[in-house]
Amino acid sequence: GLLLQAARRGIPAYLVDETNRIRLLLAEVDGGCRIRREEQFGTYLSMLPCFGIAQGVSCEGMAYPLEKQDLFPGRSLTISNEVTGKEAVISFERGQLLVIESRDRWNG
């Protein structure tokens with residue numbers, strides 16, 4: 001909820017612990033983000049739809065790129081990806097997206 005409040009105002013906010021840095025992006029506010037590999041928190045990058053479907057999700061500069069895919073809650077398509085270029089570019093057209101930079105692999 002706190003991430004949603006900050007995201008609606010366009011304020012960068014993160015949940016951070018020793019293994020993860022998490023942020024919430026809103027299509028109508030952010031439309032995506034860029035993550036430079038040299039500034040990345042850990043090795044793995046996951047994107048999860050939040051509060052419903054995230055539509056038109058694309059990512060480039062990553063081991064498993066996407067082109068305008070719809071992401072549905074409960075699916076693991078975008079878990080534990082890796083930045084392979086100088087930066088990853090994530091964009092999406094509708095919905096909310098949790099972006100998780102992680103130092104550990106997803107074991108779910």
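## Briefing on a predicted chain

Among contacts in the chain between residues at least 6 apart in sequence, 65% join residues at least 24 apart, where contact means heavy atoms within 4.5 Å. This is a predicted model, in which local features need pLDDT of at least 70 and side-chain atom pairs count only at pLDDT 80 or more, while totals for chains, interfaces and linings use all residues. Residues are numbered from 1 along each chain as its sequence is written, and side-chain values use heavy atoms, with hydrogens and water left out.

**Overall fold**

- Read from the N terminus, the elements follow the order α-β-β-β-β-β-β-β-β.
- The chain has a radius of gyration of 13 Å, which agrees with the value near 13 Å that a compact globule of 108 residues would have; this radius is taken over C-alpha atoms, and the globule rule is 2.2 Å times the number of residues to the power 0.38.
- Of the 108 residues in the chain, 43% are buried, and buried means under 20% relative accessible area, exposed over 50%, and partly exposed in between (1.4 Å probe, protein chains only).

**Nonpolar cores**

- A nonpolar core is a set of buried Ala, Val, Leu, Ile, Met, Phe, Trp, Tyr and Cys residues joined through side-chain atoms within 4.5 Å, and in the largest one, which has 18 residues, L45, V57, I90 and L97 touch the most other members.
- At least two residues of this core come from each of β3 (32-36), β4 (44-60), β5 (66-71), β7 (87-91) and β8 (94-102), and the largest share, five residues, is supplied by β4.
- Not counting residues up to four places away in sequence, L97 touches several residues, including M47, V57, L71 and I90.
- A second, separate core has six residues, among them L3, L4, A7 and L26.
- In soluble globular proteins, nonpolar side chains tend to be buried together.

**The largest pocket**

- A pocket is found on a 1 Å grid over the protein atoms alone, as an open set of points where a 1.4 Å probe fits, with protein on both sides within 12 Å along at least five of seven lines, and its lining residues have an atom within 4 Å of a point.
- The largest pocket has a volume of about 180 Å³, a volume being the space filled by probe spheres set on the points.
- Its lining divides into eight nonpolar, two polar and two charged residues, and β2 (20-26) and α1 (2-8) each supply at least two of the lining residues.
- The largest share of the lining, three residues, comes from β2.

**Individual residues**

- R23, which lies in strand β2 and is one of the residues lining the largest pocket, counts as buried because its relative accessible area is 13%.
- C59 belongs to strand β4 and is buried at 3% relative accessibility, and its contacts, leaving out residues up to four places away in sequence, include M47, Y64, V89 and I90.
- Most residues other than glycine have a negative phi.
- S80, which is not a glycine either, has a positive phi of about 60 degrees; S80 sits in the loop between β5 and β6 (81-82) and, at 11% relative accessibility, is buried.

Definitions and conventions
Helix = DSSP H or I, 4+ residues; strand = E, 2+ residues; numbered from the N terminus. Nonpolar A, V, L, I, M, F, W, Y, C, P; charged D, E, K, R; others polar.
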